[in-house]
Amino acid sequence: MRKVTFAFALLALSGVAVAQSYPARPVKIVVGFAAGGPTDVIARILAADMSASVGQSFVVENRPGANAIIATEAVAHSAPDGYTTLFSSLSLLVNAILPGTKAKYDPFRDFAPVSNVAALPMVVVAAPGAPFSSMKDLVALAKAKPGELSYGTSGIGGSTHLAGAMLENMTGTRMINVPFKGNGPALAEVMAGRVTFMFYPIIGIAGQVAGKKLKAIAVGTAAPDPDFPNVPTMAQAGFSGLEVTAPWVGMLAPAGTPAPAVTRLAEEIRKSLAKPEIRAKMKEQGAVIIGDTPAEFAAFLKKDQERWAQVIKASGVKAE
């Protein structure tokens, strides 16, 4: 019994030693999207603060392509030593379950969740002259004109596409998904009135609504957003459940990464997110801070994939 107890003590001490010495060199944060997007911007906010507080560099590396599959597979096959991490979003889960994709990774088998950093709520927007000003009117119009209304998206299987598909499933409507290469081009067509509406990440959209270039129909936040005065939440508009369309951004490490390193990363993320200056920067991005534990993030990922798998199956969504 003493030998077993002693062995456990040694393991505990070794774990403490790893936690205290990690990180001993720069940590790479791989982002599967181009610089300047919300996932990249939030990763860089965290990287800068963690570099200063930890005393080691956290370096963001952009590896865009194939809806983040290139970056995700690269990290999945990296050494599980805590020095290569992935800063990812909804694509991590969707790529693994969307029919027609060529992803060669399993989001649960190949990764160790670190922390879900934040959620980016959606806002439903349309052109100022759109013949509806509420979600109920939008749905009523869709039911009156099946297959005629359109919604812009950033591409097949993206968060904006799945949000539209969820609305169709929820309301029994049939609309046209119009995919673009990014949210920006889709928004331009909505603004011009050539596409009926879209779910758009809340980042940077308030100014265009205030300037009457867009009409906000509903916001996907839990409470009314002061940046969108007089605009109801999805729940207030009578569509409770659509707030889950908010894509998340979070950090993962390759499976097999030492638990003390994963725990240290999660702790440092939460420390950063607790700082007033970081919270202010996140708010500027429209992000709702989460900063959970590895176990909580793991549970969330399983639930989130189950939700989107149901939407994909019901909608018949397939990769291009």
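Q: What classes of residue make up the lining of the largest pocket?
A: The lining has 17 nonpolar, 18 polar and three charged residues. Ala, Val, Leu, Ile, Met, Phe, Trp, Tyr, Cys and Pro count as nonpolar; Asp, Glu, Lys and Arg count as charged; the others, Gly among them, count as polar. The model is predicted: local features need pLDDT of at least 70, side-chain atom pairs count only at pLDDT 80 or more, and totals for chains, interfaces and linings use all residues. Residues are numbered from 1 along each chain as its sequence is written, and side-chain values use heavy atoms, with hydrogens and water left out.

Q: What makes a space a pocket, and what makes a residue part of its lining?
A: On a 1 Å grid over the protein atoms alone, a pocket is an open set of points where a 1.4 Å probe fits, with protein on both sides within 12 Å along at least five of seven lines. Lining residues have an atom within 4 Å of a point. For the largest pocket, 38 residues line the space, and Phe33, Asn67, Ser154, Gly155 and Gly158 lie nearest its centre.

Q: Why is the pair of tyrosine 151 and phenylalanine 197 called tilted?
A: A search of the whole structure finds six aromatic pairs. Rings of Phe, Tyr and Trp (its six-membered ring) pair if their centres lie within 6.5 Å; planes under 30 degrees apart count as stacked, over 60 as edge-to-face and the rest as tilted. The rings of tyrosine 151 and phenylalanine 197 have centres 5.9 Å apart and planes at 40 degrees, so the pair is tilted. Tyrosine 151 lies in strand β6 and phenylalanine 197 in strand β8, so the pair ties together parts 46 residues apart in sequence.

Q: Why do tryptophan 248 and phenylalanine 300 get another label?
A: Their centres are 6.3 Å apart and their planes stand at 90 degrees, so the pair is edge-to-face. Tryptophan 248 lies in strand β10 and phenylalanine 300 in helix α11, so parts 52 residues apart in sequence are tied together.

Q: Is tryptophan 248 buried or exposed, and how do you know?
A: Buried means under 20% relative accessible area, exposed over 50%, partly exposed in between (1.4 Å probe, protein chains only). Tryptophan 248 has 1%, so this residue is buried. Phenylalanine 300 has 25%, so this residue is partly exposed.

Q: What places a charge over the ring of phenylalanine 108?
A: The test asks for NZ of Lys or CZ of Arg within 6 Å of the ring centre and within 35 degrees of the ring normal. The charged end of lysine 302 sits over this ring, 4.3 Å from its centre.

Technical notes. Helix = DSSP H or I, 4+ residues; strand = E, 2+ residues; numbered from the N terminus.
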